[in-house]
Amino acid sequence: MNQPLIEFDRLSVEIHTKAGIVRAAQDVSFSISAGQTVALVGESGCGKSISALSLMGLLPSAARVASGEIRYQGAPLTGQPRETLRRLRGNDLAMIFQEPMSALNPVLTIGEQIVEPLIKHQRLRPKAAWVKAVALLDKVGLARPDKIAESYPHELSGGMLQRAMIAMSMSCQPKLLIADEPTTALDVTISAQILDLLQTLQKSEQMALLLITHDLGVVAQMADFVVVMYAGRVVESGPVRAIFKHPQHPYTQGLLAARPVPGARLARLPSIRGQVPNPMNLPEYCSFAERCDQAQAQCRQGQPEYVSLGAMHQSACFVVQKREFA
Amino acid sequence: MRFFSSKMRQRQDIALAASLTPMRQALRRLRHNRAAMSALIFLLLLIAVCLAGPWFSSWQLDTTNALQSRQAPSMDHWLGTDFLGRDVLTRLMYAGRISLTVGLISVVLSVALGFVAGALSGYCGGWIDSLIMRVADLLMTIPSLPLLIALGALLSELKIEPEIRIYMVMLMLSLIGWPGLARMVRGQILSLRERDFMLATEVLGLSLRRRLFGHLLPNTVPILLVVATTGVAGAILGEASLSYLGLGVVPPTPSWGNMMDSANSFIDFKRRPWLWMPPGMAIFLTVIAINVLGDGMRDALDPKS
């Protein structure tokens, strides 16, 4: 297999707060190949966004990479001078955010904002850049792109803004687009359109997509590969089929069981009992053990290693380990 | 039918309002503010008179006439003459040019300085923030009038030419003005930089210069405009007090402040109000008009109103 586009290699990120050190991500390893869609799944605060931000080199000042590294086309990204990262950002790596309304500058027109990376990274003349910006807006499916380019963010709807945001991030044909919960702030029909658009663009531009989400429906529809995170660690990762058909880790099983199934009218959806442990003092053993129905004595004695479960599918769980090697 | 058409028109109006830029919307609100518009008209008139007036005056700026000194207002001299027999109205108009220019330019300088300092301080944080803010704190702890007086005395000691001195006075006034502005801009930037769109500019790999001037500056324009407007009033007052004390713009260059100097003499103060009333009124009305306009702009630009 050829070299992946992005490799996370045992990345650990710590956030230093007054109350202590928060281990926001620990030993996160996975890779993204060119043109592939990888979904990063997990509940709020499990380290999804922190992992994505460290990929962009945009960690908040209190956070730092404690160990491990991220490689882009084989070259390490972490610890690179800011100028190198800045050239990569926008050019090779792009990102769209959760709330398109706040991700666009309210006092600049849409066109003015799309033009900037074009002038900066592609060295286009302002006029040519404007033409390209209008073309980009057209490409993301906005009607009357020339008018849209001249309008201000407050004049557009959330869905239109997210499209504009996508146009902006696509401006320099990035190799990887990070979408941090791109549809959370949008209503259901619009979010389906946006996801469709992302999928179409991904195919036509052959870019990789790192999709951060907690919507498993979106994952099933979009992703090739799924990475499930829990309390800062990757608990299970694998091709989307394997994860959905044969989830191994109890947490993944719990997540999938908690999905509403159309047609099935249940009084209550199944849920995972208990609470996420406080990230300030995570246990020294499997952090899911306290909530796990299948937990055994061993689960409270150390961190589980990854067990390989077939092609690219692996899981960090003692129970799975036992079952596989029994 | 009629109801329908009026509904249509209303909808058109709404569509029109929506397509206006934020700045145009603010201008529209400003136009409905009577007090602010009167103040603006007054100021424009004042500027027009100061610029064009001297051409129509039959008197020269510096022509002295010992025989006609300290004359009361008459048909020849509408506002009388001063102790050297110079026409007060003509001098008042020239002085207006100087005072308004000093006010405007010193504010432009302090806004430029204040924005750059405040934006760097707020956006970069760390030691840059500490350094800039401590310098600003230091300048703000020194009472401004004594500082200005000391600087003015220094200028007199160095025997600076009156023409160059005007520029020095502008610099001095902007030196006093920028720290307050820098603090305000810093506060704005601190909240703006946390917004997603600033993260987005970083994601797009834009340079610091583009982020500061392309994305942050337009967001602070409303507050800069308001502060700058009221700042002009402050600068005019500062210039007037300095020049009144003989430390700002010095004769023969006229300014509203140094024309007020004649109120120093008790006889003139009591018997010849035409010597000090006109510049006094000019300062008073100008400052009030600018402040009213500034208030109106604040109301118009505040999105919460």
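How exposed is A:Gln173, given its relative accessibility? At 45% relative accessibility, A:Gln173 counts as partly exposed, because that class lies between buried, under 20% relative accessible area, and exposed, over 50%, with a 1.4 Å probe and protein chains only.

## Basis of the model

This is a predicted model, in which local features need pLDDT of at least 70 and side-chain atom pairs count only at pLDDT 80 or more, while totals for chains, interfaces and linings use all residues. Residues are numbered from 1 along each chain as its sequence is written, chains are lettered from A and ligands numbered from 1 in the order in which they are written, and side-chain values use heavy atoms, with hydrogens and water left out.

## Two loop residues of chain A

A:Gln173 belongs to the loop between H7 and strand E7 (176–180) of chain A, where helices (H or I, at least four residues) and strands (E, at least two) are DSSP runs numbered from the N terminus. Its phi is positive, about 45°, although A:Gln173 is not a glycine.

A:Gln73 also has a positive phi, near 50°, and is a residue other than glycine. This residue sits in the loop between strand E4 (63–72) and strand E5 (75–76) of chain A, and with a relative accessible area of 39% A:Gln73 is partly exposed. As background, most residues other than glycine have a negative phi.

## A helix pair in chain A

Helix H7 (residues 158–170) and helix H8 (residues 188–205) of chain A have axes that come within 10 Å and cross at roughly 15°, the axes being lines fitted to C-alpha atoms over the stretch in contact, with angles from 0 to 180 degrees between N-to-C directions. H7(A) is therefore roughly parallel to H8(A), a term that applies to angles under 35 degrees.

The residues of H7(A) that meet H8(A) are A:Gly159, A:Gln162, A:Arg163, A:Ile166 and A:Met170, and among their partners in H8(A) are A:Ile190, A:Leu197 and A:Glu205; contact here means heavy atoms within 4.5 Å. By class, this contact has seven nonpolar, three polar and two charged residues, where Ala, Val, Leu, Ile, Met, Phe, Trp, Tyr, Cys and Pro count as nonpolar, Asp, Glu, Lys and Arg as charged, and the others, Gly among them, as polar.

## Chain B as a whole

Chain B has 12 helices and zero strands, and its C-alpha trace spans about 75 × 65 × 30 Å along its principal axes. Of its 305 residues, 42% count as buried. Among contacts in chain B between residues at least 6 apart in sequence, 70% join residues at least 24 apart.

B:Asp129 lies in helix H5 (residues 126–141) of chain B and is buried, with a relative accessible area of 14%. Not counting residues up to four places away in sequence, B:Asp129 touches B:Ser121 and B:Arg186. Its side chain makes a polar contact with the side chain of B:Ser121 (2.4 Å); such a contact is a pair of N or O atoms within 3.5 Å, and within protein one must be able to donate a hydrogen and the other to accept it, while residues adjacent in sequence count only if both atoms are side-chain atoms.

B:Arg183 is found in helix H7 (residues 162–192) of chain B and counts as partly exposed at 40% relative accessibility. The side chain of B:Arg183 makes a polar contact with that of B:Asp137 (2.5 Å), and the residues that B:Arg183 touches, not counting those up to four places away in sequence, are B:Met133, B:Asp137 and B:Met140. B:Arg183 and B:Gly114 are 69 residues apart in sequence, yet their C-alpha atoms are 7.9 Å apart in space.

Key. Angles under 35 degrees count as roughly parallel, over 145 as roughly antiparallel, 65 to 115 as roughly perpendicular and the rest as oblique.
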